[in-house]
Amino acid sequence: MYCFHFVVIIFPQIFCHLYSLYTCTNKRKRKMAELAVTGALVLLDIVIPLLSKFNSKEDVKAGIISLKGWLAPMKAFMEEHSGNDDDRRLLLDQVVDQVRDIAYDIEDVLEEFILHSQSYKFHNHRISRKLHSFSHNLYHVFPLRGISEKIARIKMSIDDLALQHAVLSTGWSSPRPSSSSTNRVRPHPVSPPLLDDEIVGYENEKEIFTHQLLDGQKRLVTLAVVGPGGSGKTAFVNNVFKKQVITGRFDCHAWVHVSPHFKAEELFTNLLKQFCGSRKHPFDDGTNTQTKLLKYLSRKRFIVVLDDIWNQNDWDVIKEGFPNSSRSSRIIVTTRSSDVASVCTSSSTRVHILNCLGWLHALTLFYRKAFQDMDGQCPPELKGCSERIVKRCEGLPLAIVAVGSALAHKPRLPNEWEKFHNSLGCEITGDYNLSVISNALLLGYMDLSTNLKSCFLYFSIFPEDYSVDRGRITRLWVAEQFAVGTDCLTAEEVAEDYLDELIQRNLVHVSNYDFDGKPRNCRVLNLVLTFITNKCKYENFASIFPRESTSQNQRIRRLSVHSDCTGLSGKSFLSGVRSMFLLRLLKMSPTDFKKILCELKLARVLDFQGAPITKFPKDITRLTLLRHLNFRGTKINMIPTSIKKLSYLETLDLKQTDVKELPKEILHLHNLRHLFAYKYNVANYVVFDSVHGVAISEGIGNLTNLQKLSMIKVGEKVRILQELKKLSKLRKLGLMGLEKGHGKELSASVEQMPHLRTLNLCSNTKEEFLELGELRNRPLQLERLYLKGRIEQLPTWISSLNNLLKIGLKWSKMSNSPLQALHRLPNLMELQLVDCFIGGELVFEASSFKNLKILLIEDFAELHTVVIQNGAMPDVKQISLRRCPRVMIFPLGMNNLAKVEELTLHDMAPEFIARLRKKGEDRAMVTHIPVIHSFTLEPQSWSFENLSDSFSH
């Protein structure tokens, strides 16, 4: 004990010795150990407040608190030196592995403490509570004593680590570096720029870019080129900048690479030296270079490239070195961050986005590099393999060039190229030509904060080409405690910000966007996946089974099972797994699955989405530290009453399962934040009974931490509606089975939900009326509103929802057009109208629906005329007309909607379709629409007709 306290007290002196050893370790390992230490510290912040609450033994309290005395300075130390490399590479690079293992040991002890200290709160009677408390103490007293012993062993490991390396470092002269991060320059690998012949596919963008450089605007203009690492930003700019026709139009020019941790004085000196050199002027070296630079440029027309700016703060510092002259000067910025690009420029038209190359351009570039001696002509026998290799590169120019250059020196045999394709992930780190890919990605990775690194590495859990939903990944980050709430933001909002930042940095790729422009699902490119998978191996951050070999002694925190779990049961490392994923499994033995679950001890995340599971495994309820449980898309149909044991559970996802009723014991899960329990059954059209919710007992008001709740059957349980007013944190609410007479209680509860973003209400039957009373406290933050069932008239409060982005009115059968109540909503982007109006004419008034992007009109039995007045829906892009049998002529005024990109028709009258064909009477009204598709439901399937301009007949 004495030795441990000695280590904490003289921490700076000990780590001055450790620094000499620490800087000799692999930089990647340092970063990974930092993640482990951070995870243990997050857990400590949860455990320490519980010490007095659970009346723990004094030695346990003191031991746990003392652990923070080691972790906190260790984290600070690693963060301070995380970017430093040292030429002195001696002694024990395993020091970081030891630090990480100690952090893992601490994490194990803390979670074991939580496991044995908690006492369930689901007993309603005093006697049963006493009996439970007695049995709980009897059962857990011995494990808690064991925790004291484990803490003592951890302290011994810390003592050994500190003293061992203090002795080994004796005589090593290594003063502690300055703590000022602003004076440090972080060494980093620089990826070689692409050559001119490697710039393909950006011809139009280059033409616009060149024009903006020379357009003659008499003011300082900044242009930005943004794209992921390896997209060819530097080469794109250099291809234009180096031409005499460009630099010759300016008095002086310069190009500087901006390192992630540059020194402002050095950068300004470099700029001044280049500006002077470009005019053959003498360079006056010295101090106060920024002032000299401003003075030198004050009356000159200059052009400068700032290559690879990382963040807004860097831009704020650098731009102060340039005068805001009116002499048509130009600043060109390249960056990986979309946010930086938008901050640097005054207009989005001056931001040039280099997306990945299209397929033909990617093939052209690959052939040009792989077959240089054959004028870029690929031999027929290598075409198939070449295309598969290019597909793996996913249009990233640097990757295509690197792979093509590597293959240019390999034998041109199909077997050799297939071997290269199959081992491409390993080649990235081993092949000299391909190491540039890793270096390009490493720069972006090293610039991330600790939490962002964890979030980025988390994508390694998912297979190639696997897109994960935004909500799913952010909830996982919260469960892992990578994202922690603040005074102003929930943990989920912090996680959303993390995802946005990774996307803005072009590290994460958006697969699909939602109607409002937010990412719907996302993934990392395949080569990026290879990069982060290799990173995870160093840390044991995550492991893939059965693809990666694992030793019995390996400490695996996150286990992702791809395709097959045969042979997994019985592995000793399962006891240390905290998160487990089953992905793309086709079949699974229930016996093996049970054995695997029995091996898990301290799991906090189980994600079985889409797995072939037919029954809820009761062994799961033994994992009382579980925070995240996902059964979405499985075949389970029942939740056991023992679910009440999962008192830390935050997310329970039962969407698209066969669960129809939740046990009353679920109401004991006081930490529950997200409860999804509904299923869509859609054959050809969404009908009233397509969605099935779940029944739940009264008492929902106990779950006061709920943020998302959907879809709950109400029926005759009016008390459920009354209890909802206690759920003031709700962001999303979905209710089914609403009946006449529920309006008062429903309105009173909605008034108590100031954070509500999504409201989904469905009546008990298609003919039942939804009662929507007037609200005094309106849900002004509401963004999505879905109303399903008969409605006499829309309440006036809907017209005041200025944040509303999407509204769906289905089976409302109103006698008055709903458009009058909706047309002035300033931010409405999607409007779904399904059998909501029984009139014959639907009129979109002039200047209405200014921001609408998507319009659906479906199942209007009496509708015969649609009128779109001038100025209505000026930004609409997608229009769908479905099952409106009496509509025979095309909507009047449709020809004025210049931005429509897609028109889809489902089961419209034959006469209506005929008028849209090539020689039809209404053809002239749709010639400006690129995509026009018509679908007709036949007895066995859908028939399809392409009415687009190039296909019409």
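In which loop does V682 lie? In this predicted model, V682 is placed in the loop that runs between β16 (679–680) and β17 (691–692). The residue is partly exposed, its relative accessible area being 43%. V682 also belongs to a nonpolar patch on the surface, which it forms with Y680 and V686. Together, the three residues of this patch have about 230 Å² of accessible area.

Apart from neighbours within four places in sequence, the residues in contact with G701 are E723, K726 and L727. For one of these, E723, the C-alpha atom is separated from that of G701 by 4.7 Å, although the two residues are 22 residues apart along the chain.

The packing of two helices was also examined. Two packed helices are described by the angle between their axes and by the distance between those axes. For helix α21 (residues 470–479) and helix α22 (residues 491–504), the angle is about 115 degrees and the axes are 9 Å apart. The crossing of α21 and α22 is right-handed. On the α21 side, the contact is made by R470, I473, T474, W477 and V478. On the α22 side, A491, E492, A495, E496, Y498, L499 and L502 take part in the contact.

How values were computed: Residues are numbered from 1 along each chain as its sequence is written. This is a predicted model: local features need pLDDT of at least 70, side-chain atom pairs count only at pLDDT 80 or more; totals for chains, interfaces and linings use all residues. Side-chain values use heavy atoms; hydrogens and water are left out. Patches are made of residues with over 30% relative accessible area and no salt bridge: like charges are joined within 9 Å, nonpolar side chains (Val, Leu, Ile, Met, Phe, Trp, Tyr) within 5 Å. Accessible areas come from the Shrake-Rupley method with a 1.4 Å probe; for residues, only the protein chains shown count as cover. A salt bridge is a side-chain nitrogen of Lys or Arg within 4 Å of a carboxyl oxygen of Asp or Glu. Helices (H or I, at least four residues) and strands (E, at least two) are DSSP runs, numbered from the N terminus. Buried means under 20% relative accessible area, exposed over 50%, partly exposed in between (1.4 Å probe, protein chains only). Contact means heavy atoms within 4.5 Å. Axes are lines fitted to C-alpha atoms, for helices over the stretch in contact, and angles run from 0 to 180 degrees between N-to-C directions. A crossing is left-handed if the near helix is turned anticlockwise from the far one by less than a right angle, and right-handed if clockwise.
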